[in-house]
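Work through the exercises below with the sequence and the structure open beside you. Try each task on your own before you read its solution.

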Amino acid sequence: MGYAGSESMMKTARALFASLLVLSASALISGCQSDPDIDISKLGLQSDPPDVLYSQGLANMKAGNMAEAARKFDSIDRDNPFSEWARKGLVMSTFVKYRQGRLDEALASGNRYMAQYPKSKDAAYVQYLIGLSYSKQIVDVTQDQRAASRTIDAMQAVIDNYPDSEYVDDAQAKIRFARDQLAGKEMQIGRYYMERKEYLAAISRFRIVVEKYPNTNQIEEALARLVEAYYAMGIAEEAQTAAAVLGRNYPDSQWYADSYKLLKSNGAEPRENQGSWISQAGKKLLGT
């Protein structure tokens, strides 16, 4: 056989091989499509069993690989919804995201847990994590204090719904801190109005502190500022009442010393009017 014949046979062989490849591929696709037990979209993507994923998540946490731990716990919830392993994985996912500082994601998973498992054994812990996630977002008093309000609501839910849990004491501490922040915000605005000599607006802010946040770290200054504001407006009786309430509850306070000196400079002294709103609010103070 000559060279031309040999070349022709090679071309024929290549063509035949190509045809066989096409037929084989067609058969494979046809087989997959006709077999109801095969989902080609999931081939090669099968996940580990949930207990294995949970153990892997814990191992990654122990190794400090929080990002991978979160992925393991999330995959349990995604692939085994509403199972006991999914519930446990959601707890750990909330914790890991809180530890990572992914606070909005921690809140999302924590709130989903509480919606699905409010009576479970870990519900108190997850509600506490929600409170902690809000608490971590509290900023200084010159900024919005929405996170402080949400911290109070979340931690109060721990106290009200899980009164025997180990998280109650810290929940109460976080509430006190958040209330101090809210009171501090009112004081910051009140001082601003005082500087502008807008005394009525300032008094309204200091009044909020005295009536709504009486047992916070801001109360002494709030009463002293009321003395200043009422004194500046010429309303001596209210200024005297504020000073009297301040002196009765915090006699060693520098704020009281300053208020007493201010009244004395005009020949007045602290004297409580029992009918004043300040006197009524003063009865709620710790020192009363």
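**Exercise 1: Two packed helices**

H6 passes H7 in a left-handed crossing, where left-handed means that the near helix is turned anticlockwise from the far one by less than a right angle, and right-handed that it is turned clockwise. The model is a predicted one, in which local features need pLDDT of at least 70 and side-chain atom pairs count only at pLDDT 80 or more, while totals for chains, interfaces and linings use all residues. Residues are numbered from 1 along each chain as its sequence is written, and side-chain values use heavy atoms, with hydrogens and water left out.

Task: Describe how the axes of helix H6 and helix H7 are arranged, and state which residues make the contact.

Solution. Two packed helices are described by the angle between their axes and the distance between the axes. Begin with the distance: the axes of H6 (residues 123-135) and H7 (residues 146-161) come within 8 Å. Next take the angle, which is roughly 165°, where axes are lines fitted to C-alpha atoms, for helices over the stretch in contact, and angles run from 0 to 180 degrees between N-to-C directions. H6 and H7 are therefore roughly antiparallel to each other, since angles under 35 degrees count as roughly parallel, over 145 as roughly antiparallel, 65 to 115 as roughly perpendicular and the rest as oblique. Finally, list the contact (heavy atoms within 4.5 Å): H6 contributes Ala124, Gln127, Tyr128, Ile130, Gly131, Leu132, Tyr134 and Ser135, and H7 contributes Ala147, Arg150, Thr151, Ala154, Met155, Ala157 and Val158.

**Exercise 2: Buried or exposed?**

Task: Decide whether serine 109, isoleucine 159, phenylalanine 82 and lysine 197 are buried or exposed.

Solution. The cut-offs come before the values: buried means under 20% relative accessible area, exposed over 50%, and partly exposed in between (1.4 Å probe, protein chains only). Serine 109 lies in helix H5 (residues 103-116) and has 5% relative accessibility, so it counts as buried; its contacts, not counting residues up to four places away in sequence, are Leu90, Ser93, Thr94 and Lys97. Isoleucine 159, in helix H7, is buried because its relative accessible area is 16%, and under the same exclusion of residues up to four places away it touches Val168, Ala171, Gln172 and Ile175. Phenylalanine 82 belongs to the loop between helix H3 (66-79) and helix H4 (84-100), and its relative accessible area of 66% makes it exposed. Lysine 197 sits in the loop between helix H8 (168-195) and helix H9 (199-212) and, at 60% relative accessibility, is exposed as well.

The backbone deserves a further step. Most residues other than glycine have a negative phi. Phenylalanine 82, however, has a positive phi near 65°, and lysine 197 has a positive phi near 60°.

**Exercise 3: The span of a helix**

Task: Check the span of helix H10 (residues 219-233) and find what its buried residues pack against.

Solution. The expected span of a helix is 1.5 Å times one less than its number of residues. H10 has 15 residues and should therefore span 21 Å, and its end C-alpha atoms are 21 Å apart, which agrees. Its buried residues, among them Ile219, Leu223 and Tyr230, pack against H8, H9, helix H11 (236-249), helix H12 (254-264) and helix H13 (277-282). Just after H10, glycine 234 takes a positive phi of about 80°.

Notes:
Helices (H or I, at least four residues) and strands (E, at least two) are DSSP runs, numbered from the N terminus.
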